[in-house]
Amino acid sequence: MEWATVVGTAMGAVIGMGSTLLGERVRWRRSLGEQKRSELRTAYARYLDAATLARDAISLASRSLAVAPEARAERARPAIQDNAVYARQYELELVAPAEVVTKARAATRALGDYRDVVMAGATYETAECAEARRAFRAARQEIMDAMRSTLDRG
């Protein structure tokens, strides 16, 4: 009878320790997932912030009708670099899923196209500028949808 008690106690201890370890592992994995989502959310926000600031600078240059076209071009030229859009895109390339990276590249390209149109002399009211602006907005919406989707899946 004593052996049965000792074996039963030992088995109970092993089962208890096993379930505790399993519970800790589940909590650890959940915490890791939350940390990953938080890192993604931060990288996403940083990219969108940089792209928005660059877009605003380009838009402001396109509205500067009182200055010469060359001056507008010089105002638009540094918008992407000054707002670290490429750096934020590279950050996404390190941490984001491939679908987000692809859409970030497309959005950055559309932003560059918008800047190039303004540098070529288009102003805010011109059809060419409006089309470039719309293309960037559409690309930005696509990346935001992809970002939201990846955060929801996590």
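**Salt bridges and core**

Modeller: E142 and K103 form a salt bridge, their closest N and O atoms being 3.6 Å apart, where the term means a side-chain nitrogen of Lys or Arg within 4 Å of a carboxyl oxygen of Asp or Glu. The model is predicted, so local features need pLDDT of at least 70 and side-chain atom pairs count only at pLDDT 80 or more, while totals for chains, interfaces and linings use all residues. Residues are numbered from 1 along each chain as its sequence is written, and side-chain values use heavy atoms, with hydrogens and water left out.

Colleague: Which helices do E142 and K103 lie in?
Modeller: E142 lies in α6 and K103 in α5, so the pair ties together parts that are 39 residues apart in sequence; helices here are DSSP runs (H or I, at least four residues), numbered from the N terminus.

Colleague: How many salt bridges are there by this rule?
Modeller: The count comes to nine, and one of them joins E91 to R88 at 3.8 Å, N to O. E91 and R88 are three residues apart in helix α4, which means a separation of about one helical turn, and a network of salt bridges links R46, R88 and E91.

Colleague: Switching to the core, which members touch the most others?
Modeller: In the largest nonpolar core, which has 33 residues, they are Y47, L92, L111, I143 and M147. Such a core is a set of buried Ala, Val, Leu, Ile, Met, Phe, Trp, Tyr and Cys residues joined through side-chain atoms within 4.5 Å, buried meaning under 20% relative accessible area (1.4 Å probe, protein chains only).

Colleague: Which element gives the largest share?
Modeller: That is α1, with 10 residues.

Methods: Buried < 20%, exposed > 50% of the residue type's maximum accessible area, 1.4 Å probe, protein only. Helix = DSSP H or I, 4+ residues; strand = E, 2+ residues; numbered from the N terminus.
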